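Thanks for coming, everyone. I'll walk you through one structure, starting with a single pair of residues. Please look at the screen.

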Amino acid sequence: MITVGDIYDIMDQLAPFETQEEWDNSGLLIGSREDEATDVLVTLDATARAIDRAKELGCQLIISHHPLIFSPLRKIPRSSNVYRLIESGIDLISSHTPLDKAPGGVSDCLADALGLRKRKPAEGLDFVYTGVLPKPLSAKQLAQQVSEAIQGSGRGPVTVDGGREITKVAVIGGAGSDIAAALLDSDCDAIVTGELKHHIMIAAQEKGKTLIEAGHYETEAAALYPLSLHLKEKLPELLIHTFIDPIAF
C-alpha cells in the first residue's frame with residue numbers, strides 16, 4: 001500500500017521542505033501521512049476545477065505547487081476549497097519555494113525546456129538557474145523559443161530587447177522581478193521569468209539587458225510533467241494525473 005507519507009518523503013527528497021522560505025507554507029496541508037493514495041493529481045493550484053478533476057479521477061491526493069492554505073484561516077465555509085477537499089477525503093501536499101529552487105524543480109525545469117546547456121544554480125541567488133544557449137540568439141528569437149517551449153496563453157512573451165546577441169540566460173520561474181533586478185549587473189545576456197515590474201524593465205533596457213516576461217503560470221507549469229515523471233519513476237504503481245488548468249491562461 002502506498003501512503004501519503006511515502007509520496008511526501010519522495011517530494012521531500014526532491015525538494016526538501018525545510019528549505020522553504022520563512023513566509024511560505026509548504027508541506028502536508030490536509031490529511032495524514034497514514035492515508036492511502038493510489039491516484040494522485042499534480043497541478044499548480046488546488047482550484048475548484050482541479051478538485052473537481054481529482055474527484056472525477058478518484059484521486060486521494062493532490063500535489064500542488066502553490067499552497068492552498070497560505071494565511072491563517074479564521075473560518076472554513078462550505079464553499080471553500082479547503083472544506084471541499086476535507087469533505088471529499090482528498091489530501092493535499094504543496095511544494096512552493098522548495099520546488100522553486102531545487103534541482104529538478106521549477107526554475108531548473110524551465111531552463112531545461114529552453115534547452116539551456118551547462119545549467120547550474122546562480123551563485124548566491126536562490127530560485128535562479130543559468131545556462132548557455134546552443135547558439136546565440138537575438139531577443140526576438142529567444143522570445144519565440146520561449147513561446148514555443150512552454151504552454152502559454154497565446155498572447156506571447158513581453159520582451160525588453162537589450163540590443164545585443166544572447167548567449168547566457170538566467171531563468172526564474174514565477175514572480176521573479178525582484179530577483180531579476182539583482183541580475184542586471186551579472187554576466188547574463190538575458191533573463192526569463194514569469195512576472196516583471198515596470199521599473200525593472202526600464203532599468204534592464206538602460207543596461208542593455210534583455211528581459212522576457214513569459215507568464216507566472218506558464219513558467220511554473222513547465223515543472224508539472226517532470227514532477228509527475230519523477231513520482232512515477234519512484235513509485236511505478238502509483239497512478240499520476242497531471243492537470244494543466246486552462247482557466248489560468
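Start at Gly131. Gly131 stands opposite Val169 in strand E8. A word on the source: this is a predicted model, where local features need pLDDT of at least 70 and side-chain atom pairs count only at pLDDT 80 or more, while totals for chains, interfaces and linings use all residues. Residues are numbered from 1 along each chain as its sequence is written, and side-chain values use heavy atoms, without hydrogens and water.

Strands and helices here are DSSP runs, numbered from the N terminus: helices are H or I with at least four residues, strands are E with at least two. Two strands pair if DSSP finds at least two bridges between them.

Back to E8. Strand E6, residues 129–137, pairs with E8 over 5 bridges, antiparallel. Another 5 bridges join E8 to strand E9, residues 190–195, and that pair runs parallel. There, Ala170 stands opposite Ile191 in E9. In general, strands of a sheet pair through backbone hydrogen bonds, either parallel or antiparallel.

Is E8 covered or open? Mostly covered: 7 of its 10 residues are buried, meaning under 20% relative accessible area with a 1.4 Å probe, protein chains only.

E8, H7 and E9 make a right-handed β-α-β unit. Right-handed means that, with the strands pointing away from the viewer, the path from the first strand over the helix to the second runs clockwise.

Now the pockets. On a 1 Å grid over the protein atoms alone, a pocket is an open set of points where a 1.4 Å probe fits, with protein on both sides within 12 Å along at least five of seven lines; lining residues have an atom within 4 Å of a point. Volume is the space filled by probe spheres set on the points, which are joined across faces, edges and corners.

The largest pocket has a volume of about 230 Å³. Its lining has 17 residues, with Asp100, Gly173, Ala175, Gly176 and Ile179 nearest the centre. Helices H4 (97–101), H7 (177–182) and H9 (216–221) and strand E8 (166–175) each give two or more residues. E8 gives the largest share, 4 residues. By class, the lining has 5 nonpolar, 8 polar and 4 charged residues. Gly counts as polar here; Asp, Glu, Lys and Arg count as charged.

The second largest pocket holds about 160 Å³. Its lining includes Lys120, Glu123, Lys168 and Asp187. The classes there are 5 nonpolar, 2 polar and 4 charged.

Terms used. Buried means under 20% relative accessible area, exposed over 50%, partly exposed in between (1.4 Å probe, protein chains only).
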